[in-house]
Protein chains: 2
Amino acid sequence: MKARQQTSFLFDLDGTLVDSVYDHVIAWHYALMEEGIEVSLWRLHRKIGMSGGLFAKALARETGRDFDEATLNRLRQSHARHYGQVSKQTRPLPGARELLKYLSDNDIPWAIATSGRMETAGPVLEILGVNLKKTVVITRDLVRYAKPDPDLFLAAAEKLGVSIETSCVVGNSIWDMLAARRARGLGIGLLSGGYGTEELERSGAYRVYDDPADLLDHIDEVGGRR
Amino acid sequence: MKARQQTSFLFDLDGTLVDSVYDHVIAWHYALMEEGIEVSLWRLHRKIGMSGGLFAKALARETGRDFDEATLNRLRQSHARHYGQVSKQTRPLPGARELLKYLSDNDIPWAIATSGRMETAGPVLEILGVNLKKTVVITRDLVRYAKPDPDLFLAAAEKLGVSIETSCVVGNSIWDMLAARRARGLGIGLLSGGYGTEELERSGAYRVYDDPADLLDHIDEVGGRR
């Protein structure tokens with residue numbers, strides 16, 4: 001008889017554990033307006049969670065203009081400034097703390113892997129009550145390529161000492177689901193970032209739940225028990 | 001030989017002609033926070049475009065609490081105040097003015113039908129450059145039931161003097177598409193309010209475009225020529 005496979009959980013952060021996607025959308029909107037660049041808000045929404053480099057490339061393609069390094073730096077700083085003004089009010093998504101506590105209490109390995117830098121992720125991790133000394137957190141600062149490249153999730157699995165093939169990758173954006181497939185993990189989609197069920201399924205989610213509370217409520221469906 | 005059917009266009013406003021959906025999401029979020037009510041932002045996003053009464057009912061169901069008339073009035077006023085602070089910066093969606101001009105220039109009847117009240121819709125219509133003396137605009141003040149009830153679109157068709165059966169109902173939310181079906185018009189979905197293609201198709205859209213510019217680019221697909 002083969003030993004039972006142990007499931008692990010690798011979480012995206014924004015829109016998956018904390019309710020911050022819409023704040024990021026608005027912050028990018030203000031940053032771009034300061035540069036005189038007009039991009040519809042839904043197009044920004046659809047890009048949250050991508051690596052910053054790909055975000056800029058997609059923007060360049062859609063606006064038909066090239067951004068030099070200085071402009072990109074100003075945009076990045078301006079986004080961080082606007083986001084910083086609202087991120088103090090960011091709330092954990094319903095059930096996020098309870099889900100992480102459940103996993104810890106049941107000795108199920110979990111980690112956080114985000115395309116954001118520690119500069120913007122740090123305050124939000126604090127609001128979520130994550131103990132940075134005890135938790136594996138992989139930010140954009142630690143890998144060469146962020147989502148939809150698989151590096152963040154691969155690094156998280158490696159640091160946890162678990163196999164990516166038996167890990168559930170939990171995210172709210174199609175970039176998480178694409179990265180999950182490329183990493184060969186099992187993608188689980190959450191609606192709490194504002195994407196629809198069908199979009200997440202079409203990008204590879206094998207299950208879709210409302211938010212962390214709903215995932216915790218159905219944790220047995222995805223192997224989250226000992 | 002039967003006479004050619006003339007197509008008309010009945011437009012939703014927020015997220016369909018102007019880039020205001022995300023502003024409404026944030027404004028409701030602030031209004032609810034002032035009442036100590038916490039609702040995830042994606043759940044607010046999914047409700048924009050509904051009638052205010054149904055919006056409140058859905059909120060009550062999801063938060064498990066009842067709102068009395070006084071609370072609802074405070075929420076409505078607080079939303080209008082927060083929205084008013086950002087709505088001056090609202091931009092028409094790409095191609096919105098050009099699309100309306102194209103229809104007018106080609107004598108194709110069109111109207112605007114919104115679940116919003118004139119109080120919030122008025123300033124945005126001005127930004128869009130709509131001449132209220134020449135344009136049929138049906139707001140929530142003018143009908144008993146707003147979307148997803150069909151009344152707004154039926155009233156718009158009636159005031160235009162066109163048949164709803166040969167009208168295209170253009171909107172960005174599933175509430176527009178449900179209202180379109182109940183009114184027996186042809187639903188056309190736009191992604192510019194932040195819903196995905198599949199969500200709009202599943203709620204009845206027979207075509208989905210990015211935004212007004214993309215619709216104008218494909219106007220021959222939906223009968224928009226003389």
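How many residues of chain B are in contact with residues of chain A? In this predicted model, 21 residues of chain B touch 21 residues of chain A. On the chain B side, α1 (21-34), α2 (41-45) and α9 (197-202) each bring at least two residues to the side that touches chain A. Sorted by class, that side of chain B has 9 nonpolar, 6 polar and 6 charged residues.

How do the two copies relate? Chain B can be laid on chain A with an RMSD of 0.0 Å, using a turn of 180 degrees and a shift of 0.0 Å along the axis. That's the relation of a two-fold axis. The interface fits the picture: 100% of the interface residues of chain B are also interface residues in chain A, so the copies meet through the same surface.

**The α1/α4 pair**

Now for the helix packing inside each chain. Two packed helices are described by the angle between their axes and the distance between the axes. In chain A, helix α1 (residues 21-34) and helix α4 (residues 69-87) have axes that come within 8 Å and cross at roughly 135 degrees. The two helices are therefore oblique to each other, and their crossing is right-handed. From α1(A), the contact uses D23(A), H24(A), A27(A), W28(A), Y30(A), A31(A), L32(A) and E34(A), while α4(A) answers with L75(A), S78(A), H79(A), H82(A), Y83(A), V86(A) and S87(A). The class count for this contact is 8 nonpolar, 5 polar and 2 charged residues.

E34(A) sits in helix α1 of chain A. With 14 C-beta neighbours inside 10 Å, E34(A) counts as partly exposed.

**Helix α7**

Is helix α7 of chain A largely enclosed or left open? Of its 10 residues (151-160), 7 are buried, so α7(A) is largely enclosed by the rest of the structure. The buried ones are D151(A), L152(A), F153(A), L154(A), A155(A), A156(A) and A157(A). Their cover includes the strands β1 (8-11), β2 (110-113), β3 (136-138) and β4 (167-171), plus helix α8 (174-183), of chain A.

Most residues other than glycine have a negative phi, and most peptide bonds are trans. A few spots go the other way:

| Site | Backbone value |
|---|---|
| K147(A) to P148(A) | cis peptide bond, omega near 10 degrees |
| K147(B) to P148(B) | cis peptide bond, omega near 10 degrees |
| D107(A) | positive phi of about 55 degrees |
| R184(B) | positive phi near 70 degrees |

Where do these sit? P148(A) lies in the loop between β3 and α7 of chain A, and P148(B) is in the loop between β3 (136-138) and α7 (151-160) of chain B. D107(A) belongs to the loop between α5 (96-105) and β2 of chain A, and D107(A) is exposed, with 8 other C-beta atoms within 10 Å. R184(B) is in the loop between α8 (174-183) and β5 (186-190) of chain B. With 16 C-beta neighbours inside 10 Å, R184(B) counts as partly exposed.

Terms used
Residues numbered from 1 in each chain as written. Chains lettered and ligands numbered in written order. Predicted model: local features only at pLDDT ≥ 70, side-chain atom pairs only at ≥ 80, totals over all residues. Axes fitted to C-alpha atoms, helices over the stretch in contact; angles between N-to-C directions. Helix = DSSP H or I, 4+ residues; strand = E, 2+ residues; numbered from the N terminus. Parallel < 35°, antiparallel > 145°, perpendicular 65-115°, else oblique. Left-handed = near helix turned anticlockwise from the far one by under 90°. Contact = placed C-beta atoms within 7 Å. Nonpolar A, V, L, I, M, F, W, Y, C, P; charged D, E, K, R; others polar. Least-squares fit on C-alpha atoms with pLDDT ≥ 70 in both. Buried ≥ 20, exposed ≤ 12 C-beta atoms within 10 Å, placed from the backbone.
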